Amino acid sequence: PQSLREMKLGFIGWGAMAQAVSLGILSADLTESSSMMATDVVPESLKGAAREGLKTSTSNKEMVEWADMVVMAVKPQVSDRVLEDIRDVWAPGKVMVSICAGVTIDT
């Protein structure tokens, strides 16, 4: 397996949980901010991500195509819509990590 430093890491949603994870990864020097991208529907969240050096996008599809590993960090009630949105650009070999509260694989 690749190390995190060799991967491009994307965050769908850059709220408190995604910020804690991404900034923790940067703080631990596990990768560079230029190897991370965030998407969010809240413009202020994207501005914050950009201030931390992350790439940003308003397109989940664009981010998924770019990333090797995708962290799903959205509110549970929108996770189905997001998955449907990215379905056609998902590729074998990509890794999805969900930190959506209460959302299981069976959900």
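## D85 and its surroundings

Leaving aside neighbours within four places in sequence, D85 is in contact with N60 and K61, contact meaning heavy atoms within 4.5 Å. D85 belongs to helix α4; helices (H or I, at least four residues) and strands (E, at least two) are DSSP runs, numbered from the N terminus. With a relative accessibility of 32%, D85 counts as partly exposed. On the scale used here, buried is under 20% relative accessible area, exposed is over 50%, and partly exposed is in between (1.4 Å probe, protein chains only).

The model is predicted: local features need pLDDT of at least 70, side-chain atom pairs count only at pLDDT 80 or more, and totals for chains, interfaces and linings use all residues. Residues are numbered from 1 along each chain as its sequence is written, and side-chain values use heavy atoms, with hydrogens and water left out.

## Helix α4

Helix α4 spans residues 79-86, and its buried residues are S79, V82 and I86. Seen down the axis of α4, these fall within an arc of 65°, so they line one face of the helix; the arc is that of the directions from the helix axis to the C-beta atoms. An α-helix has 3.6 residues a turn, so residues three or four places apart point the same way.

The buried residues of α4 pack against β1, α3 (60-66), β4 and β5 (95-98). On the other side of the helix, D80, R81 and E84 are exposed.

## Nonpolar cores

A nonpolar core is a set of buried Ala, Val, Leu, Ile, Met, Phe, Trp, Tyr and Cys residues joined through side-chain atoms within 4.5 Å. The largest such core has 14 residues, and those with the most contacts inside it are L9, F11, W14, M36, A38 and L54. At least two residues of this core come from each of β1 (9-12), α1 (16-27), β2 (36-39) and β4 (69-72). Its largest share, three residues, is supplied by α1.

Not counting residues up to four places away in sequence, L54 touches W14, L26, S33, M36, A38 and A49. In soluble globular proteins, nonpolar side chains tend to be buried together.

## Helix α2 and the loops

In α2 (43-51), the buried residues are S45, L46, G48 and A49. They cover an arc of only 160° around the axis, which puts them on the same side of α2. The cover over these buried residues includes β2 and β3 (55-57). The face turned away from the buried side carries the exposed residues P43 and R51.

V41 lies in the loop between β2 and α2 and, at 79% relative accessibility, counts as exposed. The C-alpha atoms of V41 and T58 are separated by 6.9 Å, although the two residues are 17 apart along the chain. After α2 comes G53, with a positive phi near 95°. D29, in the loop between α1 and β2, has a positive phi of about 55° although it is not a glycine.

## Pockets

Pockets were found on a 1 Å grid over the protein atoms alone: a pocket is an open set of points where a 1.4 Å probe fits, with protein on both sides within 12 Å along at least five of seven lines, and lining residues have an atom within 4 Å of a point. Grid points are joined across faces, edges and corners, and a volume is the space filled by probe spheres set on the points. The largest pocket holds about 480 Å³ of space. Its lining has 25 residues, of which G13, D40, V41, A73 and V74 lie nearest the centre. The lining divides into 15 nonpolar, six polar and four charged residues, where Ala, Val, Leu, Ile, Met, Phe, Trp, Tyr, Cys and Pro count as nonpolar, Asp, Glu, Lys and Arg as charged, and the others, Gly among them, as polar. Helices α1 and α4 each supply at least two residues of this lining.

The second largest pocket holds about 210 Å³ and is lined by eleven residues, of which L83, S98, V103, T104 and I105 lie nearest its centre. Six of the lining residues are nonpolar, four polar and one charged. The largest share, three residues, comes from α4, and β5 supplies at least two.
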